[in-house]
Amino acid sequence: MTHVRNAVVTPDREDAPTQGALGDATVSTDNARAAAEDSLEDYAFRYVPRTFRRWSAASVGATALGSIAFLADFSIGASIGIDHGTSNAVLGIVFASVIILIVGVPVAYYGARYNLDLDLIARGAGFGYYGSIITTVIFAGFTCIFFALEGAIMAQGLQLATGMPLWLGYLISTVVVIPIVIYGMRALERLQFWTTPLWLALALLPLLWIVVSDPEAVRAFTSFTGESDGSISFGAVISSAAVCFALTPQLAEQIDYLRAMPPRTPSNTRSWWASFAFAGPGWIVFSGTKQVIGVFLAVYLLVKVEPTLGHEATEPAKQFVVMYQTLLPDWLAIVLALVLIVVAQVKINVTNAYSGSLAWSNVFTRVAKHYPGRTIFVLFNLVIAYVLMMLDVFTLISFVLSLYANVVMAWLVTIATDIAINKWVLRISPRFPEFRRGMLHDWNPVGPVSVGLASVLSLLAFAGVFGAAVKPFSVLIAIGVAVVATPAVALATRGRYYLRRRSDGIDSPRFDDNGNPSGERLRCHVTGYTFERPDMLASAERGPHGEVQYVSSLALTLDDSDHYVLPPEVAGPLRRAATRRASQRRGET
């Protein structure tokens with residue numbers, strides 16, 4: 001009797017199994033078929049197969065770039081500009097952008113090249129099969145926080161345009177994304193493609209006109225000192241950067257798109273690399289530019305329009321209404337600003353809700369061995385975001401993001417360091433990403449120790465425990481500790497907690513001649529469906545004639561026992577004998 005409670009499969013199957021028994025395992029094929037037709041799954045906890053990845057590299061890249069239309073960038077730039085002045089804010093934005101770019105290159109490459117989301121990458125990059133749950137919860141929290149910030153911006157726009165109360169605006173901004181999010185990647189691709197030109201035109205054209213036609217506004221921007229004394233301060237630069245660092249998990253949302261990249265071949269190499277560069281680590285170039293624009297818009301409001309606005313100048317609704325009012329009648333300015341805000345909010349919040357639901361469903365499925373469908377987690381994510389909006393998280397944007405940045409950088413720098421140093425320099429971490437249950441240990445101390453140590457020390461510094469002089473540099477402590485601790489723990493443990501097995505028991509290669517994950521299809525004897533080679537392992541349960549059977553990573557995720565998991569490989573001369581004894585025991589049963 002199988003321990004797989006409900007076998008979730010997706011439309012990349014070939015022949016459907018017959019109802020009832022499959023070998024000696026009985027699965028709910030009605031439930032399996034229902035899940036196969038369920039577009040909500042979207043590979044929440046496994047490799048994205050070639051059969052799903054039918055878009056061109058350019059199409060995937062354009063879709064991924066569409067998700068960075070969020071307006072929180074403008075608020076972040078405005079907030080740090082008012083606090084620290086233009087010079088410190090811009091230097092902080094540049095500093096954070098460079099670090100985020102460096103961190104993003106190895107992580108995004110593994111997502112695009114091997115078609116995995118960040119949770120699956122983290123499993124084989126120092127965290128283990130269950131250990132990566134830590135990173136996924138951190139990321140899920142990011143999607144909730146930024147959904148709340150973007151939803152609050154939309155509610156502010158609705159209030160400014162129509163007088164609608166904020167609570168109702170929060171509710172509308174929350175529910176409006178549901179019809180799109182539930183249909184997953186296909187719907188998101190269409191939305192991002194068709195709305196990006198409109199967003200660019202509404203956001204950039206009036207801004208360019210102001211810059212060209214009003215040189216005095218540019219001079220006011222460059223000389224703005226905010227609440228600082230006007231001098232450039234290293235502490236102020238890092239404090240500005242700390243707020244920007246909280247945006248780093250946007251990289252994980254970019255990877256949720258990049259994992260759908262087509263195989264890289266000689267015929268598409270240029271477009272593949274270009275799409276990867278701009279939509280992967282290059283997203284921060286666009287984000288940093290928008291933050292600088294946010295500083296400019298805040299200065300424009302405070303210097304050229306209404307000096308008494310104070311921190312209200314950080315609200316994108318006010319920023320864009322005023323910008324449009326300099327060019328157009330008031331009624332048209334309000335309409336265009338509202339259209340821009342709604343389009344931008346929907347573009348980013350469908351991504352926040354989509355990625356958040358993937359993250360929550362990933363965690364729940366591994367812990368509970370049960371997949372109830374992604375719809376539940378879409379709603380769960382939205383409820384948390386709505387509560388944050390009602391708690392007025394927007395007014396605390398600088399504090400919340402500065403606090404969150406400490407944990408965020410500890411997490412992502414650990415993964416990037418494991419890939420760049422432990423895999424490629426020390427060669428102590430497996431070069432190719434491993435995510436399958438049975439191949440990995442449940443826990444690898446490298447990731448949790450690094451993230452835990454970096455987070456605790458940086459948060460203590462942020463709280464002022466190490467003194468006021470150290471407090472502004474807490475995020476640098478998170479980065480530095482993660483860079484040092486990740487290889488140090490890997491060396492101390494000799495890398496023995498990365499892989500439980502080095503062989504998955506299948507003779508055919510996992511990668512094709514171009515280094516892409518293989519498209520070979522094998523049948524899972526537990527579910528009866530076919531999956532692509534990177535998703536498969538040899539099963540510990542032999543066939544009726546002693547032949548090797550295959551089991552999918554999906555079936556193993558839902559299996560609440562080790563019934564199909566191959567035994568661990570034993571180091572040294574005992575390995576072959578232990579493997580032989582395990583094989584004999586399986587043959588006897």
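The chat below walks through a predicted model of one protein chain.

Trainee: How many helices and strands does the protein chain have?

Mentor: The secondary structure of this predicted model comes to 21 helices and six strands.

Trainee: And what share of the residues counts as buried?

Mentor: Of the 589 residues in the protein chain, 59% count as buried. The accessible surface comes to about 22,000 Å², and carbon and sulfur atoms account for 66% of that surface.

Trainee: What about contacts, how many of those join residues at least 24 apart?

Mentor: If you take the contacts between residues at least 6 apart in sequence, 81% of them join residues that are at least 24 apart.

Trainee: Let's go to the surface. Which residues form the nonpolar patch?

Mentor: The patch is formed by Trp167, Leu171, Val175 and Met390, which together have about 380 Å² of accessible area. Helix α6, covering residues 166-175, gives the most to this patch, with three residues.

Trainee: Where is Trp167, and which helix is it found in?

Mentor: Trp167 is found in helix α6. With a relative accessible area of 48%, Trp167 is partly exposed, since the class called exposed begins over 50%.

Trainee: Switching to pockets, what volume does the largest one have?

Mentor: The largest pocket has a volume of about 420 Å³. It is lined by 22 residues, and the closest to its centre are Ile68, Thr196, Trp199, Leu200 and Phe286.

Trainee: Which element supplies the largest share of that lining?

Mentor: That is α8, with eight residues of the lining of the largest pocket. Helices α2 (57-66), α8 (184-213) and α13 (283-305) each supply at least two residues of the lining.

Trainee: On to charges. How many salt bridges does the count come to?

Mentor: The count comes to 14 salt bridges. One of them pairs the side chains of Asp73 and Lys290, at 3.1 Å from N to O. Asp73 lies in helix α3 (residues 72-114) and Lys290 in helix α13, so this pair ties together parts of the chain that are 217 residues apart in sequence.

Trainee: Are Asp73 and Lys290 buried or exposed?

Mentor: Both Asp73 and Lys290 are buried.

Trainee: And which residue does Asp504 form a salt bridge with?

Mentor: Asp504 forms a salt bridge with Arg436, and their closest N and O atoms are 2.8 Å apart. This pair links distant parts of the chain, 68 residues apart, with Asp504 in the loop between α19 (474-492) and β3 (521-523) and Arg436 in the loop between α17 (397-423) and α18 (446-462).

Trainee: Why do Asp504 and Arg436 count as buried?

Mentor: Buried means under 20% relative accessible area, and Asp504 counts as buried because its relative accessibility is 6%. Arg436 counts as buried because its relative accessibility is 1%.

Trainee: Which residues are linked with them in a network of salt bridges?

Mentor: The network links Glu434, Arg436, Asp504, Arg510 and Arg533.

Trainee: What about Lys318 and Glu315, how do their side chains meet?

Mentor: The side chains of Lys318 and Glu315 meet in a salt bridge at 3.0 Å from N to O. Lys318 is partly exposed, with a relative accessible area of 22%, whereas Glu315 is buried, with a relative accessible area of 16%.

Trainee: Last topic, backbone. What phi does Arg427 have?

Mentor: Arg427 has a positive phi of about 55° although it is not a glycine. Arg427 lies in the loop between α17 and α18, and at 60% relative accessibility it counts as exposed.

Trainee: And where is the place of Arg494?

Mentor: Arg494 is in the loop between α19 and β3. Arg494 has a positive phi of about 55° although it is not a glycine, and it is exposed, with a relative accessible area of 70%.

Technical notes. Residues are numbered from 1 along each chain as its sequence is written. This is a predicted model: local features need pLDDT of at least 70, side-chain atom pairs count only at pLDDT 80 or more; totals for chains, interfaces and linings use all residues. Side-chain values use heavy atoms; hydrogens and water are left out. Patches are made of residues with over 30% relative accessible area and no salt bridge: like charges are joined within 9 Å, nonpolar side chains (Val, Leu, Ile, Met, Phe, Trp, Tyr) within 5 Å. Accessible areas come from the Shrake-Rupley method with a 1.4 Å probe; for residues, only the protein chains shown count as cover. A salt bridge is a side-chain nitrogen of Lys or Arg within 4 Å of a carboxyl oxygen of Asp or Glu. Helices (H or I, at least four residues) and strands (E, at least two) are DSSP runs, numbered from the N terminus. Buried means under 20% relative accessible area, exposed over 50%, partly exposed in between (1.4 Å probe, protein chains only). Contact means heavy atoms within 4.5 Å. On a 1 Å grid over the protein atoms alone, a cavity is a set of points where a 1.4 Å probe fits but cannot get out, and a pocket is an open set with protein on both sides within 12 Å along at least five of seven lines; lining residues have an atom within 4 Å of a point. Grid points are joined across faces, edges and corners, and a volume is the space filled by probe spheres set on the points.
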